[in-house]
Amino acid sequence: MTALAIPVAPSSPRHLRFTRLVRVEMLKLASTRMTYGLLATSLGLTVFWNALESSQAGKANGPAPLNTYSGLRTIVTGGVWGLILAAVLGVIISSGEFRHQTATATYLGAPHRGRVLAAKTIAGAAGGAVFGLGGYAVACAVGLSFTAAHGYRIAIGGGAFFDWGAGHLVGGALLCAIGVVVGSLVRSQFAAVIGVFVWSIILESLVGSLFKPVRPYLPYTAATTLAGTPLGGSSFGPGRGVTSGVPLPFAAATALLVAITLVGALIAARTTVRRDIT
Amino acid sequence: MATIQVRGLVKRFGAVTAVDGLSFNVQPGTVTGFLGPNGAGKTTTLRMLLGLVAPSAGTAEIDGRAYRDLPEPLHAVGAVLEAASFYPGRTARAHLRIQALAAEADPSRVDDVLELVGLADAGDRRIGGFSLGMRQRLGLATAVIADPEVLILDEPANGLDPEGVRWLRGLLRGFAAEGGTVLVSSHLLAEVAQTVDAVVIIDHGRLVAQGPVAELTASGAGLEDVFFQLTQEASR
């Protein structure tokens, strides 16, 4: 074993070990093709969806004209695919460990599973932030391109653009963190991914249009309102465009999503994460 | 160097008792074979030793500590449990970089261990395209990346060609010669007989025999004959 002899690293302090764990999870995320595939999909869907919406702006069943605050807002805050796919990314980060049986290697390196879940959640939040911001950047590019093509002036101030950008960043980060927790609770990747789409596209639209007072507190809706989308603006089907109600303030929506993440993580840490890896 | 100590280990899965009061020791500087028929409880025992499965009773310790209490587990123990447990879209080099970071090992170790296991030319290939033998070699590279004191290997010769089996034998013997502790489960008794110094034989989750191969085969019978005799007696 002479060829293998290296100085044995001294044991790091606990907080440094956790930082290392987060870096490991970030490196996993960056070295997984699925991450880039999902990001490309979310950007592609945003371009397609927003170009379609922009082309219909000012028409009978389309959004308001792009030379109005409302019309341009609808387009530039329409990068919701980045938020939905951030949640999917989170699911894949955690459930992928069981799909590919890599949980064994992960827990051999870090036997304290609660810390692994925390590290995955933080790494996921970083990835989700990129998805949120990426979606926003593309949505802005599409919206502003159509606005410029029509020769309109930009009806939205720089402050609002910044706020919505921050909202996309926070919303993407927290939806991805929630996705990590969901993927830890529901180890079947297929079921969890389908669940994310059904929840965000069907259930929230349905519940939000039937029980309007509840709508601002639904997680996907809260994330999209953080990102500047009006209530109902991110819904699909019958719930779309039903805009009555007041969205949660930025801090309240953030606190709600953080609370959902923490409660979910606590439940996962005490149940599914403890299960035997056989 | 580290000793493996298993004391009164029990694992029940519902009504099934997979491991039933198992106790044994593995000493440093030896390669110890962990033998038993299919379903004897070998893999479950190894997973309890590595903190992946929670024991119903008893303790499994490495150098006096449960695996989860080891401050830097990858520096203490290298393990190979299943050949399929890699993300298929990742390259071997990317996989090992992650493991090196997890172990806080020098990144230059990645190339060292790829060379060691004979995968230097395949480092930039995706693992999904690897043969079973290549996956076993990558698993071994993963296990030794932090230069651990203990190796715990579950059927590491699966999928290896004769040259690979011979290489593995040399690796394990060399590791033990430098004072390392090796516990290796296998059903290839002829191969085990050539590699190990001692054996732990279990059946139905219970210890059947433990000791140096030389003692167990002192009567002149081969290890294979001794194994079948002991496990058949235990089954009666």
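**Exercise 1. In S6(B), which residue is the bridge partner of Ala79(B)?**

Before starting, some conventions: this is a predicted model, in which local features need pLDDT of at least 70, side-chain atom pairs count only at pLDDT 80 or more, and totals for chains, interfaces and linings use all residues. Residues are numbered from 1 along each chain as its sequence is written, while chains are lettered from A and ligands numbered from 1 in the order in which they are written.

*Solution.* 
- Step 1: Locate strand S6 of chain B at residues 150-154; strands (E, at least two residues) and helices (H or I, at least four) are DSSP runs, numbered from the N terminus.
- Step 2: S5(B) and S6(B) run parallel and are joined by four bridges; two strands pair if DSSP finds at least two bridges between them.
- Step 3: The partner of Ala79(B) in S6(B) is Ile152(B).

**Exercise 2. Are Val77(B) and Gly78(B) in strand S5 buried or exposed?**

*Solution.* 
- Step 1: Apply the burial rule: buried means 20 or more other C-beta atoms within 10 Å of the residue's own, exposed means 12 or fewer, and partly exposed lies in between, with C-beta atoms placed from the backbone.
- Step 2: On one side of S5(B), residues 77-80, Val77(B) and Ala79(B) are buried.

**Exercise 3. What is the strand order of the open sheet of three strands in chain B?**

*Solution.* 
- Step 1: The order is S2-S1-S4, with antiparallel pairing.
- Step 2: The edge strands, S2 (16-26) and S4 (57-62), each pair on one side only.
- Step 3: Take S1(B), residues 4-13, which five bridges join to S4(B); Ile4(B) has Ile62(B) as its bridge partner there.

**Exercise 4. At what angle do helices H9 and H10 of chain A pack?**

*Solution.* 
- Step 1: Axes are lines fitted to C-alpha atoms, for helices over the stretch in contact, and angles run from 0 to 180 degrees between N-to-C directions.
- Step 2: H9(A), residues 219-226, and H10(A), residues 250-270, pack at about 145°, with axes 9 Å apart.
- Step 3: List the contacts (C-beta atoms, placed from the backbone, within 7 Å): the residues that meet include Ala222(A) and Leu226(A) from H9(A), and Leu257(A) and Ile260(A) from H10(A).
- Step 4: Sort the contact residues into nine nonpolar, two polar and no charged. Here Ala, Val, Leu, Ile, Met, Phe, Trp, Tyr, Cys and Pro count as nonpolar, Asp, Glu, Lys and Arg as charged, and the others, Gly among them, as polar.

Key
Contact = placed C-beta atoms within 7 Å.
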